[in-house]
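Visitor: I have a model on screen and some questions about its inside. Can you walk me through it?

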Amino acid sequence: MSKHFPPDFLWGVAASAFQTEGATHEDGRGQSVWDDYSHTPGRTVNGDTADIACDHYHRYPEDIALMRRLGVKAYRLSIAWPRILPDGKGRINPLGLDFYDRVIDLLLHEGITPWICLHHWDMPVAVEAAGGWRTRDTAAVFADYAAVVARHFADRVKYYAPINEPNVIPWVAYNLGRHAPGRQSRDACLRAVHHLNLAHGLTVSALRAEVSGAQIGSIISLGPVHPQHDDGPHRQAQVLGECLWRRVMVDPLWLGRYPEPLASELAPLIQPDDMARIQQKMDFFGLNHYNRVYVGPNANASWGVAETAPPPGLPLTDVNWFIDPSAFLEQIHDTARRYGNPPIYITENGAAFPDALRPDRRVVDDARIDYFAGYLAAMHQAIAEGCDVRGYFAWSLMDNFEWGRGYSKRFGLVYTDYPTLQRIPKQSYYWLQQVIKNNALSYRG
């Protein structure tokens, strides 16, 4: 028995520049905040850096061949801002544009549509030195960079998203300090919230000015936020946590307002017409989903709320995220209800497991197959129940640099043998290949 997806359903894979490309000092690329952060002792597992990563910069033909064999019709890639504008603004690096010309032209030749995300966290150090997302001017600087990219690729690329998971940046990079640039400041966090939202709005306007027929959306990481215990303090923590980590980076874009209880704190940062600039027409909602979050009150945390330990008994991935397809279904329904049932593309979903390369050079990752089977079934149910889900991008094509976790965690459909950089499709690759070929999810027996 099979669950068939709509005839025009879009299957894709996703990756990001910093996590895969390497070549951080080649062909005029500038320095990014993640270059500095990963080279700082103690910031990443084993001191790992992305200097080489998967060497996608040189091996992209092999990686695109893997996409073609998988059967996907779309590839969600990011553009490395410092590869195009080494100083974040001003001088354009033609060799950076040349690289993406080669990638995009080969994708199109293979029948794969490029979906460009303009920023996946690798801000040029010069922009951060001038204030980064703490500074209002950065929103305009980013929109100018977006215009450079869009103008160059306008004849070949129609699908764009300004910023990947902007909700992660204020909270993790500017408040908790666990992502580049590693700051810990409540004020910086609030400023980053508003300036990222403003950057999104200005960028949407810039893209529409440069690209005829552009299809533009936001990409946000969302999962249900639940109280660890069913009592008053925990329910209050839930409301605040959901606002801080989720709504504050989505409601302004789609509803034109900041949610309480943060709206009053953000009010001093808002200038006349800001909300109108932020709320631009969008063509799709890019939803990244990994897990449900449980929260509780914590007097030592910013705003007095913190993520809590998971309830006992839930299965976990290798990064201790819950495996719970019902949370995925809940999140799709919540997104559809709250934002007027927009066209939704699942722009990231996947899981890390402790994959091992066997002596016969195979990777048998049954846990990942089970994961995808459960989550794709939940997505299929959401479609059947009226949610306008139009596509699914698996995270990720291959194992890569996982930010602070370095190379210690593997999310890929393709195993990266880091000593040799050989790519080895896992069993989940071949399983998803059949799902895509049939445009249907078959029950595993």
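Guide: One definition to begin: buried means under 20% relative accessible area, exposed over 50%, and partly exposed in between. Keep in mind that this is a predicted model.

Visitor: Is D388 buried, partly exposed or exposed?
Guide: The relative accessible area of D388 is 23%. Buried needs under 20%, and exposed needs over 50%. So D388 is partly exposed.

Visitor: Which side chain does D388 meet in a salt bridge?
Guide: The bridge has an N to O distance of 2.9 Å. The partner of D388 is R390.

Visitor: How many residues apart in sequence are the parts that D101 and R156 tie together?
Guide: These two form a salt bridge, with the closest N and O atoms 3.0 Å apart. D101 is buried, because its relative accessible area is 15%. D101 lies in helix α5, while R156 lies in the loop between α7 and β5, so the parts tied together are apart by 55 residues.

Visitor: Which residues are linked with D365 in a network of salt bridges?
Guide: D365 bridges to R368, with the closest N and O atoms 2.8 Å apart. D365 and R368 are both buried. Besides D365, the network links D355, R368, D399, R410 and K426.

Visitor: How many salt bridges does the structure hold?
Guide: The D101 and R156 pair is a salt bridge, and so is the R390 and D388 pair. The count for the structure is 35.

Visitor: R246 is buried, so which side chain of opposite charge is nearest, and how far away?
Guide: R246 sits in the loop between α10 and α11. Its contacts include N167, S221, N291 and V293. A salt bridge needs nitrogen and oxygen within 4 Å. R246 has no salt bridge, and the nearest side chain of opposite charge is E242, at 6.7 Å.

Visitor: What does the buried part of helix α10 pack against?
Guide: Helix α10 runs over residues 232-245 and spans 20 Å from its first C-alpha to its last, close to the 20 Å expected. Its buried residues include H234, A237, L240 and L244. They pack against α8, β7, β9 and β10.

Visitor: Which residues have the most contacts inside the largest nonpolar core?
Guide: That core has 138 residues. A second, separate core has 12 residues, among them L10, A14, A74 and F393. In the largest core, the residues with the most contacts are W133, I332, L376 and M379.

Visitor: How far apart in sequence are the parts tied together by W121 and W403?
Guide: A search of the whole structure finds 40 aromatic pairs. W121 lies in the loop between β4 and α6 and W403 in the loop between β12 and β13, so the parts are apart by 282 residues.

Visitor: Which rings join W121 and W403 in a cluster?
Guide: W121 and W403 are both buried. Y407 and Y418 have ring centres 4.6 Å apart and planes at 55°, so that pair is tilted. Y407 is buried, because its relative accessible area is 18%. The cluster links W121 and W403 with F18, W34, Y37, F401, Y407 and Y418.

Notes: Residues numbered from 1 in each chain as written. Predicted model: local features only at pLDDT ≥ 70, side-chain atom pairs only at ≥ 80, totals over all residues. Heavy atoms only, no water. Core = buried A, V, L, I, M, F, W, Y, C linked by side-chain atoms within 4.5 Å. Buried < 20%, exposed > 50% of the residue type's maximum accessible area, 1.4 Å probe, protein only. Helix = DSSP H or I, 4+ residues; strand = E, 2+ residues; numbered from the N terminus. Expected span 1.5 Å × (residues − 1). Contact = heavy atoms within 4.5 Å. Lys, Arg positive; Asp, Glu negative; His and termini not counted. Phe/Tyr/Trp six-rings, centres within 6.5 Å; stacked < 30°, edge-to-face > 60°. Lists of a residue's contacts leave out its neighbours within four places in sequence.
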